[in-house]
Amino acid sequence: MFTALFGSVELGLIYGIMALGVYLSFRVLNFPDLTVDGSFVTGGAVAAIMIVSGYSPILATLAAVGAGFIAGSITGTLHAKGKINPLLSGILMMIALYSINLRIMGNSPNIPLMREDTIMTMFQSFWATLPFDGLMTSLFTTLNLPFTPSTWGILLFAIMIVIVVKLFTDFFLSTEVGLAIRATGDNPRMISSLSANTDRLKILGLGISNAFVALSGAIVTQYSSFVDVNMGIGMIIIGLASVIIGEAIFGKGSIFKITIAVIVGAVIYRMVVALALRVGFLETGDMKLITAIIVIGALVVPRLLENGKERRRKYRKARKIKEQYGGEKSVAATKSDL
Amino acid sequence: MLQLSQIFKVFNEGTTDEKAALENVYLDLKDGDFVTVIGSNGAGKSTLMNLIAGNLTPDVGKILIDTKDVTRLKEHERSKLIGRVFQDPMAGTAPSMTIEENMAMAYSRTRKRSFIAKGVTKSRKMFFKEQLESLGLGLEDRLNAKVGFLSGGERQALSLLMATFTDPSILLLDEHTAALDPSRAELITDKTKEIVSKNELTTLMVTHNMQQALDLGNRLIMMDKGQIIFEAEGEEKQRLTVERLLEEFQKIQGNQLANDRAILSH
């Protein structure tokens, strides 16, 4: 149980990078970009094939980021220059990427990385030279905790990388171009009257969004030592779930807070899934259904709570007014009542 | 300086909905000119605005701003030279962004936007504060407030400031007080007068309000059916009254007056 939760925190942080990408497209650009399902795999596929071909895992990961950027920019171009509806642009790109991903993977539906060096194993071998894991293990045993994680390295690595991406996002959205990108999602008419090329900004924004998604895909692939051409299915919903859960819990504040919320949302999502899968009658195949239910819940529950709060507020107010002004009877409805 | 020569624009050409929006329009604004444009609905005022701003391109004709031919430039390319305030108070600002962020975006209008430089810096904040103080609405104390929380009047005042504080070659005001209540409309009108005269901005203002068209600016243009049918400048404009304008209109149009008086004089 705890091991599963620990793993879901690690994984949640890595998926948090993807969620930040989805936040960029869905929330900042107001563009429901379905490219994500494809570009996540593109990231994994590019990283895997390069690692298998003997390139450095760092170079492979960077190449994955570049591939994701290109995929996103093409979706943006389809929409901005081709005047194709946003949803359709994303779907077209997603479908196209399925074939492209297969090509990248040399027409095999999956690539294992079992005995390869990955960015994870690289960090892990550096981490092993530090005494931290041993210290934590002895601490956990003395505290008599029910489990001891075999390593904290991966968790730390995931935290570091997701924080780098988060800080980059915060910074980028505060630059002159970043502000213009936010305005493109918020009020395109205004920002184009302020000499900003909204077409180009959309292409750039979607490029960066999918670069994040591909980075996440590349790291997930190296984390699980495996890439599968179908691993992107439903990814957009997972990203959206993270964004919505984060917003539902933390509200909508400054960009700095929202990006934290999105990452925490991604972790919570993973934990909920991990817990749900431990329920006896649920199977691994039910994952997508669980995801859909979580998203629906995150969308509907806050509104229900809000409605209830409003009803109670009105009820209290009505009672207070009644005490102050007496009952309704004293109000003259027509002149004849006087 | 703004020059329009031989502008023609037809919508839905060759269909039964064909409508000549502008026909052979010439317009020449000298530096510092403040021109008000009046006319009934469908006279071509909005088309004129959109042609200058670059939302539309003319079928025939040339548009020059500061002697630069901008006829084929897209809106975002042209808007380096143009400050614009829309009729809808919601149109000129980004609601989910803060006042200072909105100001920063307007500040970047005349320059190339940087990938590295922050939009809001300490020194810019000081400058924005100073500019907002001139509005006298207390917005300078709310730099971090989201614009969506401001009232329509406040948002329009902010839009006006954002369109003007970077010293545009041309200022376009598109019935920018029409959607406000009378007291707010008056406030924005006053601010417009103040800002335009202080910065000596070359301005083109469309309005439905004849009194406003008479009170503001040094030139007045009346449009009808896609043509400029009456112009007054300087002293001649100062002597104009709403009655005289309606008379002029009657002289030229005659028949349709009863219909148009209702629209023009409200």
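A crossing of two helices is left-handed if the near helix is turned anticlockwise from the far one by less than a right angle, and right-handed if clockwise. By that rule, the crossing of H11(A) and H12(A) is right-handed. The structure is a predicted model, in which local features need pLDDT of at least 70, side-chain atom pairs count only at pLDDT 80 or more, and totals for chains, interfaces and linings use all residues. Residues are numbered from 1 along each chain as its sequence is written, chains are lettered from A and ligands numbered from 1 in the order in which they are written, and side-chain values use heavy atoms, with hydrogens and water left out.

Helices (H or I, at least four residues) and strands (E, at least two) are DSSP runs, numbered from the N terminus. Two packed helices are described by the angle between their axes and the distance between the axes. Axes are lines fitted to C-alpha atoms, for helices over the stretch in contact, and angles run from 0 to 180 degrees between N-to-C directions.

In chain A, helix H11 (residues 235–250) packs on helix H12 (residues 255–278) at about 115°, with the axes 7 Å apart. H11(A) and H12(A) are therefore roughly perpendicular; angles under 35 degrees count as roughly parallel, over 145 as roughly antiparallel, 65 to 115 as roughly perpendicular and the rest as oblique. Contact means heavy atoms within 4.5 Å. Among the residues making this contact are A:Ile238, A:Gly246 and A:Phe250 of H11(A), and A:Val264, A:Gly265 and A:Arg270 of H12(A). By class, the contact of H11(A) with H12(A) holds 12 nonpolar, 3 polar and 1 charged residues. Here Ala, Val, Leu, Ile, Met, Phe, Trp, Tyr, Cys and Pro count as nonpolar, Asp, Glu, Lys and Arg as charged, and the others, Gly among them, as polar.

A:Arg27 pairs with A:Glu247, the closest N and O atoms being 2.8 Å apart. Over all chains, 17 salt bridges are found.

In chain B, helix H5 (residues 152–164) packs against helix H3 (residues 99–107) at about 30°, with axes 9 Å apart. H3(B) and H5(B) are therefore roughly parallel. Their crossing is right-handed. H3(B) contributes B:Ile99, B:Asn102, B:Met103 and B:Ala106, and H5(B) contributes B:Leu158, B:Leu161 and B:Met162. This contact has 6 nonpolar, 1 polar and no charged residues.

The axes of H5(B) and helix H6 (residues 182–199) of chain B come within 10 Å and cross at roughly 15°. That makes H5(B) roughly parallel to H6(B). The crossing is right-handed. The contact includes B:Gln156 and B:Leu160 of H5(B), and B:Arg184 and B:Lys191 of H6(B). Its residues divide into 4 nonpolar, 4 polar and 2 charged.

Between the chains, 33 residues of chain B contact 24 residues of chain A. The buried area is about 2400 Å², with 56% from carbon and sulfur atoms; buried area is the accessible area (1.4 Å probe) that two parts lose on being put together, summed over both. B:His76, B:Arg113 and B:Phe115 supply 26% of the area that chain B buries against chain A, more than any other three residues. The interface has 2 salt bridges. B:Arg124 and A:Glu176 meet in a salt bridge at 2.7 Å, N to O.

Definitions and conventions:
A salt bridge is a side-chain nitrogen of Lys or Arg within 4 Å of a carboxyl oxygen of Asp or Glu.
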